[in-house]
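The sequence and the structure come first.

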Amino acid sequence: MVAPTRAPLRTDRLRAVNEPQPVTVDLDGSGAPAVVKASDGRTVGPSDGKIDTIGETWRIEDEWWRKTISRVYWEVILEGGKRVVLFQDLISTEWFMQLP
C-alpha cells in the first residue's frame, strides 16, 4: 500500500489574522454602534466612520475557568462600503475593530 502524499503548504494562500485595534464608538438611541473612530481621533473610513449598515451581531462568553472573555460583536459596513467587525469587551467596556 502506498502512503498518501500531502500537498505542500501554500503560504501565499494564508491570510494573517489581524490584531484588534482599539477604537471609540458612538452609539445610537437604541444602543447600536453609529460612528467608529480610531482611538487617536482619526477617522476610520471615508465618511468620518459613520456606520451605514449593521449585519450580524453575536456574543461570546468563554474561558470562564481561566480569564473570562465576554464580548459582543457587530459586523458593520461603513458609509463608503468598508466592512469591519467591531467588538466591545464587556468586562473592560473597551471597543475594538478588526477587518474581516
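Is Arg 83 buried, partly exposed or exposed? Arg 83 is partly exposed, with a relative accessible area of 43%; buried means under 20% relative accessible area, exposed over 50%, and partly exposed in between (1.4 Å probe, protein chains only).

## Basis of the model

This is a predicted model, in which local features need pLDDT of at least 70 and side-chain atom pairs count only at pLDDT 80 or more, while totals for chains, interfaces and linings use all residues. Residues are numbered from 1 along each chain as its sequence is written, and side-chain values use heavy atoms, with hydrogens and water left out.

Strand 6 covers residues 95-98; strands are DSSP runs (E, at least two residues) numbered from the N terminus. Trp 95 and Met 97 point one way from this strand, Phe 96 and Gln 98 point the other way, and all are buried. In a regular strand the side chains alternate between the two faces of the sheet.

Strand 6 pairs with strand 1 (residues 21-27) in the antiparallel sense over three bridges, where two strands pair if DSSP finds at least two bridges between them. Within this pairing, Gln 21 has Met 97 as its bridge partner. Strand 5 (residues 83-89) also pairs with strand 6 in the antiparallel sense, over four bridges, and Gln 88 stands opposite Trp 95. The hairpin of strand 5 and strand 6 has five residues between the strands, and Thr 93 takes a positive phi near 65 degrees there.

## Asp 89

Asp 89 lies in strand 5. Asp 89 is buried yet has no salt bridge, a salt bridge being a side-chain nitrogen of Lys or Arg within 4 Å of a carboxyl oxygen of Asp or Glu. The nearest side chain of opposite charge is Arg 71, at 4.9 Å; Lys and Arg count as positive and Asp and Glu as negative, and His and the chain ends are not counted.

The side chain of Asp 89 reaches two backbone nitrogens, that of Ile 91 at 2.8 Å and that of Ser 92 at 3.1 Å. Leaving aside neighbours within four places in sequence, Asp 89 is in contact (heavy atoms within 4.5 Å) with Ser 70, Arg 71, Glu 94 and Phe 96.

## Strands 3 and 4

Strand 3 (residues 51-62) and strand 4 (residues 69-78) run antiparallel and are joined by nine bridges. Ile 51 has Leu 78 as its bridge partner in strand 4. In the hairpin of these two strands, with six residues between them, Glu 63 takes a positive phi near 60 degrees.

## Nonpolar core

A nonpolar core is a set of buried Ala, Val, Leu, Ile, Met, Phe, Trp, Tyr and Cys residues joined through side-chain atoms within 4.5 Å. The largest one has 14 residues, and those with the most contacts inside it are Val 23, Val 36, Trp 74, Val 76, Leu 78 and Leu 86. Strand 1, strand 4, strand 5 and strand 6 are the elements that give two or more residues to this core. Strand 4 gives the most, with four residues.

## Salt bridges

The structure holds three salt bridges. Glu 61 forms one with Arg 59, the closest N and O atoms being 2.6 Å apart; Glu 61 is partly exposed at 45% relative accessible area, and Arg 59 is exposed at 54%. Arg 66 and Glu 63 meet in another, at 3.5 Å from N to O, and Arg 66 is exposed at 63%. Arg 83 forms a salt bridge with Glu 75, with the closest N and O atoms 3.1 Å apart.

Definitions and conventions
Polar contact = N/O pair within 3.5 Å; in protein donor to acceptor, adjacent residues only side chain to side chain.
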